[in-house]
Each structure stands twice: as C-alpha cells, then as structure tokens.
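Here is a short report on strands, helices and domains. Keep the structure open while reading.

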Amino acid sequence: MATPVIMPRQGQTVESCVITQWHKQVGDSVSAGDVLFSYETDKAAFDEVSPADGILLARYFEENDDVPVLTTVCVVGQKGEDISALSPGRAAVSAPEGTPASATEAAPATAPGGTPAPASEASPVPAPGAAQTPAPGAALGPEATVGSGSPADDGGRVRISPRARSLAERAKIDYKDATASGPAGRIIERDIISLISERAATHPVTSARPERPAQPAASLPQGQASAPVPSAPSTPAAAYEEIKLSNMRKRIAEAMYRSLSTTAQLTLHSSFDASDILAYRKRLKEAKADDPVSSINITHMILYAVSRTLLSHRSLNAHLLDDKMLLWNHVNLGIAVDTDRGLMVPTVFEADRKSLTQIAMEAKQLADACRTGSLSPDYLQNGTFTVTNLGALGVEYFTPVLNPPQTAILGVGSIVQRIKETEDGVEPYPAVGLSLTFDHRAVDGAPAARFLQELKDNLENFSVLLAR
Amino acid sequence: MPKTQLVNPEELRKPGFVKLNDIPVNQYSKSIDEEKANFSKDDFLRIFRDMLIIREFETMLYTVKTTGEFKGIAYNYPGPAHLSTGQEAAAVGQAYLLDKDDFIFGSHRSHGEILAKGLSAIHKMSEQELMEIMSSYFDGNILSVVKPQWDEKAGIKQLAIDFLVYGTLAEIFAKETGFNKGLGGSMHAFFPPFGIYPNNAIVGGSAGIAMGAALYKKVNKKKGIVVSNVGDGSLGCGPVWEAMNMAAMDQFKYLWEDDYKGGLPIIFNFMNNCYGMGGQTIGETMGFGVLARVGAGINPEQMHAERVDGYNPLAVIDAMRRKKQLLEENKGPVLLDTLTYRYAGHSPSDASTYRTKDEIDAWMAQDSIESYKRSLIDAGVAKEEEFADIRDAVESLVFRAFKTAVDEKLSPRMDPKQNPDIIGNLMFSNLKIEKMDERECEVLIPKDQNPRVQQIAKKARSAYEDGKPVPKARVYQLRDGLFEAIIDKFYTDPTLVAYGEDNRDWGGAFAVYRGLTESLPYHRFFNAPISEAAIVASAVGYALSGGRVIAELMYCDFLGRAGDEVFNQLAKWQAMSAGILKMPVVLRVSVGSKYGAQHSQDWSSLCAHIPGLKVVFPATPYDAKGLMNSALAGTDPVVFFESQRIYDIGEMFHEGGVPEGYYEIPIGEPDIKRKGNDITILTIGATLYRAIEAADILQTKYGLSAEVIDARTLVPFNYEPVIESVKKTGRILLTSDACERGSRLMDMAQTISELAFDYLDAPPVVVGARNWITPAFELEQFFFPQPEWIIDAIHEKILPLKGHVVRTNFTPNEQIRRNNLGV
C-alpha cells in the first residue's frame, strides 16, 4: 500500500516549511530510513526519511516550495499503485510552480509511521459539504479551504488583511515574513503579532562575526533543479559564484538591518579579572569525565553570573514595545550559537532558577541541537536577554547587535593577559572583555554601566556569588 | 367576532332570495328652467367658466407636449400629461358642492378635478380666509410669484384663481413654486388647504387612502365628506374592492357606539371614461356591463349606486347633492358611476389605435361644454357674447399662468447643487408631537383599572431575580412592553386608533393587545377585514388627514398583499407633498415562527430598501417599549417589526429591567448588548439571542470575547457605534433571520467595509437565513442562522479557531455554488 509522506509540523508555531533539497527522484527505489528530502523552517533545517521500502511514486512539491505542514509532500509505494487519492489537490510535479497547495484539501489520513494523525493537530477540518461535492469546488483549489499556512501568493501578491497590514507598517516589519493563519492563506492580525514576538526571540546576535562564504551545507542548492543560475553573458562566468540566499540568511539580513535602523543602540566596554572563575574551572575539570560538572566552561559561568545579576537591573531584562516596556520576572537567556547555516539563538528558560550545572547542560544540549538542525523552534523564542561569545575566535571587544524588543545583549571576548598594579608592584592577570549593547530608548547609560559593574564584581568574586 | 352577535344556523340555513333594488342609470332629466330654482345665472355661468378653464388648461398642456410651444412661447415639458379633455363636466359636477372641508383624492388623470375643486372651494371661502392660506403656504412663496401678475381690480378671488392655476401648472412643470415644490408633478399635484388631497399615479391607489380619510372624519367628528375619484379601470384592482368593503363594514351599523354609527362618509366616484388606458372596460377587460352594478356586491344598500351622465354638469351636481345628503345622514358609503369620455389619448404618445375616429367624433359632437352653453342660451340664461367674454378671460388666465410657470427666473426648480439635502431633508418630518389633537381621549375606564395594566403591575420587570430566571408566567414580556407603550398613547392622543385583523376581543393574534378592548370604544380599536391593502391604505389616509394610527399586519408574509400601500403610499407622501403632509403611522408587522414558508419570513430588508420608511426591529422588552414610544411620538411612518419567537421573552440586558414610566429610545441607535474585544457580532431582531449563544461558545471554547450589538433599527441607522466596535475588534459578523441575498445585512456589511476598511482583519461576514422557502418548524434549524453557523462562519471566513470542527459549509466554493444555483 502506498504511503504518503507529509511535511511534519516542527513546533507549535510552524505553519509551513521550505523544501531545500530533494534526495530522490520519482522512480528511485528507496528503503525505509533513506533521506527523501531536506527542508527548513526560518529557524532550523531537517531531513525527512522514507517511512517504508518501495519506489518514490510522486513528488507534489519542488525545491524552494513553501509547503504547509501536514500536507502530503510525496508518496512511497509499489509500482503501478493508484495514488490519485493522496494528491494534495494539485497535479504531481507538473503543476505550475508557485501555486500553493492547500493544507486541508487532502488532510493526510495517517502521520508518518502509520499512526493516525490526531484530529486536533490537523488544520481546520474541511467542511463536509466541500468534501462531498468536489466538482463545483475543484476549480477554486486552495481558496476553498482555510488556514493553509503560508501566505497565499497569487503570482507574487500576498493576501493580508488591512488591519494586519497596518499593524505591520506600524511595527516596521515586512508582513511577507508572517505565517498566514487566516482563511485562504490570508495573513491576519494575529500572524503579525506572533511575527513581532518571534522576531524578539530569534534575532541574530552580532554583526561582528567574520564574513565567510555563505555556503551553509544544509541549504546549498544541489541537483539540476536549483543549479546556479547562469550569469549574464557580458560578465565573465568565473568572476563570482552566485548563491541563492537561504531562507535563514534572508531572515538574518532583514533582522540585522531592522535592529540597527529602528533602535538607539550603543555599546559599553569593560573587562573583568577572570582569575577566580579560571581557578574554579580548573577545580571542576578535576572531576570525573562522566560528571557533568567537568564540562562547565567559562561561558557557562558567565551565563550563570548574568542570570543572577540581571534581576536587580530589570530594565535590561525587558522588552521595549511601542508605548510600554515588559519587565520580565525571570531571565530567559538567549545564547548565540554559531552553526553552518548561520547564527541561532536558543533560549535557556528561567535561567535565574537553574543551577550552574543545569545551565551548562542545557546550553550544551541546545547548541548541539542547533548544529544538527534538530532543535524545535519552540526553543528559539521568548528570550529576555542574550549572551554572545566570540572569545574563542580571538575577539577582545565587539559591538553586539541588539535583538529587539530585548533591551540589551552582552558580548564576551577572549582571555587576554593584562597587568595591574598591586602593593607588590605590577602583576599579570587574565582579563575577559565584556561588551554590553543596550537600547538607549529604554535604558540610560548610567544604569547600564551599573549593571556591567555589578556583573564584573560578581564574576571576579564568583565563588562568593555561588554561595548566595 | 363579538359575542353580542349570534351566528345563528336557523337563520342562515333558511331558503330564500336576495332581492336587489333597481340601479338608476342616467335618470336625471331636469331642464335648465327647472334648475333655475337651484342655480343663479352666476352659478350657471361659473359652471361654464370652470369647465372652460379645465379645457383650456389641458389644451395648453397638449399643445406644449406635442408642439413644444404654446402661443409662441417655446417650452419643453418631458413629464407625463394624462389629460382629461372631454371630462370637464364630470370634474366640475363632482366638485361644485364641495368646500375646503370636503376632501377629494384623485388619479393620474386629475388636473380637471384639482382645478374644479379649487375653484369651488375658492368660491365658498371668504377673501380673508383665502389671503391667509395663500400668504402662509410655503411662507407666501407661490403668492409672491402670482401677485405681480394680478390686476388688483379683479379682486382677491381672482388672485386665488390665478394662484390655483399657476400653483398646479408650476407643480406639473416641476417648479419649486408649485403646490408641492415640484416633487409631486402632474400625477400627484394637490393642495390640502382647498381640500384637494393627493392624486395617485397608481391606478386605484386613492380608493383606500380616501377611505382612511373618511375614517378620520368619522372617528374625529370632522366636518365634510370624502370623494375618491378613480377611473373605471381601477375596478380591476383588488385594493379598490377592499376599500369599498371596509368602508361598508357591518360593524359601523351594528357595533360602533351611538353617534359613531353608520358607514363611512365617502363617495367612490368612478370617472367612467370607458377605457383603462387602452383597455375597454365595457366589452373587453371587465364584466360589470354597467359599472354602477358593482355597488350591489358590497352591501344591502348597494352603496346607493347609480350611473350619472357625466356629460351634463347639472346631472352630476344633482347626483352629488343627493349622495352628499346620504353621507350626512351616516348612510355611506356611496358608489357613483360618472359616465364620461376623454378625447385625448391616455397620454400624448397614445395613437388611439384601440378606438375609431368615428367614436371620438360622436362624443365630440355631444361635447359637454358646447352643449351646456347651447342649453343656457336656449333657456335664455345668457347670450353668446357673454360666453365669449368668459372665454377671453379664461384664455388670458391660463396664458398668464403658463408664461409665469415657464419663466426660469420667476419659477425656478429646486437646486440640489446649491442645497444638496433639499430632497433628502423632506424624506422624514422628524417631528415630535405628543398628541395630534387637544381634546379629551375617549376611553371606557381609567387606565389603572385596565385588567392588563393591573396584571402587568404584578410582573417581574427583569428576566432574572436574584440571579435566577423568572418563570414565563410572571415575567414582564416583550409583548407587555409593546402594550404599555400603546395603551399609554391611547390615553394621551385622542386621535390614536388601532386596527388590523383580530385585534379586538381576540387581543391580536399574539396577545399584544390583550386588555385593550376593555379600555377602548369600537371607533378607536376595531377588527379590520382581511384586507391588508385597505388596512395600510386607510392608515395612510387617516394619518395624512391629521390623525395617528397603528395598523397591523398579522404576519410579515402578508406584506405582499399591501405592497403598493407600504412601498408607494406610506413611504412617499411626506416627501411628495414637500413636507405639507405628515405620516404618523406605526405599521406593526409580526414575523412568524413555526408556520412554514408563507408564515415565517422576515421582510424587514424589503422595507429598509424603500426610501421614506423608518424600520425598527426591537428584540428586548426594554427596546420594544422605548422604540414603540418613540414611534408613537413621531410624525413619520415606522414599520415596526416584531418576532413571534420572542414575544414572551423577559428583559435580560437592561439593568434594572424595564422602567415603569415613559421613556423613549431614539430610532436609529444600535445598542451594545454585550461588550467584548475580539469580534463584533451585529444582529437584527430575534437572532440577537442566537448571537449571544454564539458569544458564549466563543468565550468558553475559544477564549474569544465577542461584542454583540443589536441594530434595533434598520432605517435610519447610526453606524458610528458599530465602526467604533470594529476599530477595536477588527472583525465583524452580521446576522439576522432575513434571507441572506439582498438583505439589509449585506448593505450594512458593505457600508462597514467602506467605513472601517483599514481596521478590518477580515471582510465583514453575513450569516442570514438560506435563500429557500422557510421549511417546517422541525427543519427550521437548517434554515435560520444558528449559533453553530456563526462559529463556523467565523472559523472559515474570519479567524480560524484552533481545534474547531465545522459542521456547516461556509467555504467560498459553497458560496459560489449556491449563487450559481440561485439558492
């Protein structure tokens, strides 16, 4: 029996995913576990494997198609099987590009693996009348159903309600990035609201990262369908290589620009004497290798110190909105993680309530998940303060870029030897640079500096802080 | 169905015969010499003059229509000209005895009657009275045009005649200096101060209205009689029969109180010119043979019907004199078959293909004006030269009026460019008049002794007491709210009458009027025949004569039976009179429930579509009483919709319940019944309660707070509170029991789209009843909007609701499919 392969829902807020690469052609033999296609949300990349042995009978979407979650993407089965009932309402492969398919017209009967899809997870159920009378409705296709997920796009025209459009304008964000949840793929007010709050949590951290060729492996187009576009005849073909921007790169580009163009950010630099934390780190390393404390590093300790310092400086653990500020009661720490696809910022929720070991474990797991692309987007939002560390790459100080609506971000530099005067003369000590970028609209210079000062004190007396 | 009268089988099953009396046909045979006892020489000559004025007036219009000029002055008149050339003797004869207190109502062919009635009234009025009328009518605007052309030596009466001819002609030419500022025109011109009431472009339209005016005269003991001048063709119209029947109801004879006894003071005068447009009534389109025969079908008195020779003015006057006498003896109504003939076609475009030239020539050979003149000369009343002098004066009179009326400076048209609201402002009078007359109200008992009043006093005026619902038997219901407002007005306004089918004794089919019978004499509160057209038309006539009236249509579905009366008469006369007439009519219309396709329709949208009607549809006892009070205090026609589904509902929204005292709710103001933030639901009528149920579901299942607004009124309508709500919520769904296609909701949705476009998160969505017949009660849930439909429509069209599973199909495909099918 033919098995439909649906676009999984990766996280509660994800309504659609973009297919980045097909690994199998129609007609190829596949085994259970073979990667069929790769896809990404705006935050993470994933591979979908075949649920069964057989032949890839049909592909309903092409690379770069934005596919509503829970929609059938392709079918694996035996030669000659009738799969017409599994089509998501469009002709296989030969369908014109750019026609969004309906999420609901052929809601999958089974989830991958053959288990029935829970009703509550399926997008709104198609009206019984529509299902029973396909003929009159067929002409309209996707418009006949609601909540198709991605913004409906009729040849470049995005459907959006006037109210949502005006909210997007006021918030100065591009509504095209919103995930449509309205009828017939219309972007409605709540989509813009969730886009605003997503932005707040997933904004990339820094512009100081050294530029490198944008070749994120997971999103690099391969194969015939998305081979590099031949350049114009007048330009020597060898002069450059043209790479299509990944979804994520586009998001980063927009977010960076928006942060710098819409906030009043500036950076304060300071440094602290790392003798205490290095000594502490040394002692922890002496623990057994399988003891989690052995892997606690300096970054984790800085995260810990930030989580304990921030709540006495609440305007820095805050979101600045149009006409109000949200002062958060707990510290949701965003941690900048460098991945092949670009920067990601997973969140350690309520870090102020967690022990140093818990923070360290969680930070490590989140970073690993980011690098393998397996992190649920649910962990990529709702940060209240972000820490980014370029110390490993030899950077001493930099100017991190704010992640609005957060009001501050801390950059951590590399360890350098400095000297200081003591009663005994001059003495070398290890110093770590701290760069605090904050939004001057929300916070003045002095309170920001006071935070930095207290953080420095806490880090220099880390063992005392641990005792608190 | 009064218990005082026995429907006796012994009596009714007896064999026997109905004997008819002879119907007189052209029995007038007096000579001029015999008539000299009744008419002076002046009278004889005045009759001639009046006929000649009509002839000259109509000839002038015919010339203008066909040649574009009159006596060398070019004028283009594009409007209608249904001329009565040939019918002058009939017009002058019916008017000769009438004064300003006698009302005439006419047809599309009534120029002659207007002039004849005006001339007769002028003759009977004092100069002072005439000056008062002319100088106060439209602040003397018409007089100021006529006066400079007037030769003072000719006297005030001549001035009044100039005023009459000019005011009529200016009205026909659509001039602002016409009797109705040009808003009535040729087929509707009238002048109430001379007792000339609306002429009507709808064939037979005047019969019911005139009957209502007669009802007004009877009930309010006003002087004068009423004449309905309609044509022979109008006997093909049901409403004319309804009007005659209602004027002859037995209850006038047997049930009405002492000095109110007797039929209505009305003459149904059929100007029988033998044609209904081109259809020959005798021999082709009708079967009566002699029109006067019809009276025998109406009542035992045969309506005192007779045929009178309308080519002899003295024969008509003779008949009118005898008939007027009958009316004064409370022996009405009367039917008169006034035989006449028109020379001109139905209108100037009529080539008279349906009759021969010989036929026209034969009538012209007996021309009423010529033969009347000849008979006066033969009888030695006057000499040829005297008639020539009259002719000169008449020609000069009509030419004077023509010259003035076509002059753009002296006789301008309304200028909507200068004043864009000039017509709009006339659509409603918007006055507040507590009582239409100052006299005592005739009632049978003091109000506080009324059994229903006493019963209501014991009721709980809120739907809830200490948080618990009050039982139906003890709760103050919507019908009680209506009753309180209505009985209050019966004790305030002496002119107020109420009638409809099964109103008295029964108390109205839905018990709104229960208890009213105990308080009111018959002449203020009675059962009408099953004649929706006559019920509404008579209300129109009653109101424009100066009274206040509540008419009732038992089921909204019966509105079709009164279509012309509601849409063309009730709605139009205030504006067509340029504000001269008021229309304080409350037309109660009950929207049915449970009784299937012809007893369950909400046609409020039909009424809302017609300009000139205020349309309300309250859904709570508080609103019902407040809106009824407003409707009964105003001077505009209010179509008052009520839903049979909720007559027994208690007051759930207004804090403190329904006040005992008098209060008004302004017509046109929607009311927020429940506050909310996420979506607005606008309802009309009883659907309010289903919307509230839907709001509860939205709150408990989906965490959405709905703001529910009750429109309360369809026309006029203040959009501002709705727009404010939509600005807040960004979403709106509109729902009512009216079939969705072309409904008032669609209209409102469109307007909201325009007014709040930038605030909308989804298009306004309308959930109406299906475009089907209303099925049986057991299937109504598939026809009328249900709470689940509202949720489904929100989910499909406005805001997908997480986890919601739809049961009904509100997809765009389904919308297109249904429209393709026309359902």
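In the predicted model, A:Ala58 stands opposite A:Val75 of strand β8 in chain A. Strand β6 (residues 54–59) of chain A and strand β8 (residues 72–77) of chain A run antiparallel and are joined by four bridges.

Both strands sit in an open sheet of chain A. Its four strands follow the order β1-β8-β6-β3, and the pairing is antiparallel. At the edges stand β1 (3–6) and β3 (29–30) of chain A. Each has a single partner strand, so one side of each lacks a neighbour in the sheet.

Strand β16 (residues 585–591) of chain B pairs with strand β15 (residues 549–553) of chain B in the parallel sense, over five bridges. Here B:Leu587 of β16(B) has B:Ala551 opposite. β16(B) also runs parallel to strand β18 (residues 638–643) of chain B, with six bridges between the two. In that pairing B:Ser590 has B:Glu642 of β18(B) as its bridge partner.

| Strand pair | Sense | Bridges |
|---|---|---|
| β6(A) and β8(A) | antiparallel | four bridges |
| β15(B) and β16(B) | parallel | five bridges |
| β16(B) and β18(B) | parallel | six bridges |

How many residues of β16(B) are buried? Seven of its seven residues are, and the strand is mostly covered. Both faces are covered. One side carries B:Val585, B:Leu587, B:Val589 and B:Val591, all buried. The other carries B:Val586, B:Arg588 and B:Ser590, likewise buried.

Next, a helix contact in chain B. Helix α10 (residues 238–247) of chain B packs on helix α19 (residues 532–545) of chain B at an angle of about 75°. Their axes are 8 Å apart. Angles of 65 to 115 degrees count as roughly perpendicular, and α10(B) and α19(B) are therefore roughly perpendicular to each other. From α10(B), the residues B:Gly238, B:Pro239, B:Glu242, B:Ala243 and B:Met246 take part. They meet B:Ala533, B:Ala534, B:Ala537 and B:Ser538 of α19(B). By type, the contact residues are six nonpolar, two polar and one charged.

Finally, the domains. Chain B divides into domain 1 (41–407), domain 2 (447–643) and domain 3 (671–821). Between the C-alpha centres of domain 1 of chain B and domain 3 of chain B the distance is 54 Å.

How values were computed:
Residues are numbered from 1 along each chain as its sequence is written. Chains are lettered from A and ligands numbered from 1 in the order in which they are written. This is a predicted model: local features need pLDDT of at least 70, side-chain atom pairs count only at pLDDT 80 or more; totals for chains, interfaces and linings use all residues. A residue is buried if 20 or more other C-beta atoms lie within 10 Å of its own, exposed if 12 or fewer, and partly exposed in between; C-beta atoms are placed from the backbone. Two strands pair if DSSP finds at least two bridges between them. Domain bounds come from an automatic or database domain assignment. Axes are lines fitted to C-alpha atoms, for helices over the stretch in contact, and angles run from 0 to 180 degrees between N-to-C directions. Angles under 35 degrees count as roughly parallel, over 145 as roughly antiparallel, 65 to 115 as roughly perpendicular and the rest as oblique. Two residues are in contact if their C-beta atoms, placed from the backbone, lie within 7 Å. Ala, Val, Leu, Ile, Met, Phe, Trp, Tyr, Cys and Pro count as nonpolar, Asp, Glu, Lys and Arg as charged, and the others, Gly among them, as polar.
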